[in-house]
Amino acid sequence: MFFGHDLVKSKVEFSSLEGGEELNIAYGADDKFMFGAGVSIESVIINNNDRKLKFHIFTDDISRENLDKLSQVCKKHKTTINIYNVNTDFIKTLPTNKTWNHAIYFRLMIADYFYGKVSKILYLDSDVFCNGDISYLVNLDVSRYTVAAVSDPGAKNIIEADELFGTQLGFKGYFNSGVMLINTNEWYRLSITKKSMHTLVNESKFDSLKYYDQDAGNDSNLLIVLYREVVPDDLIMQLHR
């Protein structure tokens, strides 16, 4: 694993889940996006109240108020919400701007951390709202794939990425990192986190990165990816990038 065993400094667990979970769902957010993560969690639960779901939030900044709110969500529904306080010393050295701070790299930590713990995990951005039944994702077999994701339709992004990385994403597709069903074993085997980090610290590419974590993921040789058909348009909405 790229991130060592000292990644998680502490963990808070709220649980009212009875029995094992059917799907693990993870978020990465600092305190200002914790409300969005909470809304996203409830949107998944409300539309899937017959499912046993386990949620995970990676953060380095959460207020007592937001901890209490997440605890209330857990009490209200039969679910589990784990909050991980993580070591961010390294990711704070990676590219950021006024729009996105170091929290965008939590998704790379998540993919790394769950190797050997669960075979697949659904990562969602905090601005993602669930509109319906996620049975499709619960049952989706990604054993032969690294990640199931939605292709980004922005042709400009694809052209820029191909020019920057010398790739053929125009042919294979450029995926959006806001919704990813990750095969943790394949992600680890192909060293996707390590490859992404190599892109992010490469000074020759630094100034050309536009969507830092997403560009790095697309530069990481994800040769076996499922695209748009994986997430039906009426199931999950990403409210904004």
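In this predicted model, the largest nonpolar core comprises 31 residues, and those with the most contacts inside it are Ile25, Tyr27, Ile41, Val44, Phe55 and Ile81. A nonpolar core is here a set of buried Ala, Val, Leu, Ile, Met, Phe, Trp, Tyr and Cys residues joined through side-chain atoms within 4.5 Å; buried denotes under 20% relative accessible area, exposed over 50%, and partly exposed the range in between (1.4 Å probe, protein chains only). Helix α1, spanning residues 34-46, gives the most to this core, with 5 residues. Helices (H or I, at least four residues) and strands (E, at least two) are DSSP runs numbered from the N terminus. When neighbours within four places in sequence are left aside, Ile41 is in contact (heavy atoms within 4.5 Å) with Tyr27, Phe55, Ile57, Leu70, Val73 and Ile81. Another core, of 30 residues, lies apart from the largest one and has Leu7, Tyr84, Tyr105 and Met109 among its members.

Residues are numbered from 1 along each chain as its sequence is written. Local features need pLDDT of at least 70 and side-chain atom pairs count only at pLDDT 80 or more, while totals for chains, interfaces and linings use all residues; side-chain values use heavy atoms, with hydrogens and water left out.

The protein chain contains 10 helices and 10 strands. Of its 241 residues, 56% count as buried. Among contacts between residues at least 6 apart in sequence, 84% join residues at least 24 apart. The chain exposes about 11300 Å², of which carbon and sulfur atoms supply 50%; accessible areas come from the Shrake-Rupley method with a 1.4 Å probe, and for residues only the protein chains shown count as cover.

The structure holds 8 salt bridges, each defined as a side-chain nitrogen of Lys or Arg within 4 Å of a carboxyl oxygen of Asp or Glu. One of them joins Asp60 and Lys92, with the closest N and O atoms 3.8 Å apart. This pair links distant parts of the chain, 32 residues apart: Asp60 lies in the loop between β3 (53-59) and α2 (64-76), and Lys92 in the loop between β4 (80-86) and α3 (106-113). Asp60 is partly exposed, at a relative accessible area of 22%.

Helix α2 holds both partners of the Asp68 and Arg64 pair, 4 residues apart or about one turn of the helix. Their side chains form a salt bridge with an N to O distance of 3.1 Å. Asp68 is partly exposed at 37% relative accessibility, whereas Arg64 is exposed at 54%. Lys69 and Glu65 likewise lie in helix α2, 4 residues apart, and their side chains meet in a salt bridge at 3.4 Å, N to O. Lys69 is partly exposed, with a relative accessible area of 42%.
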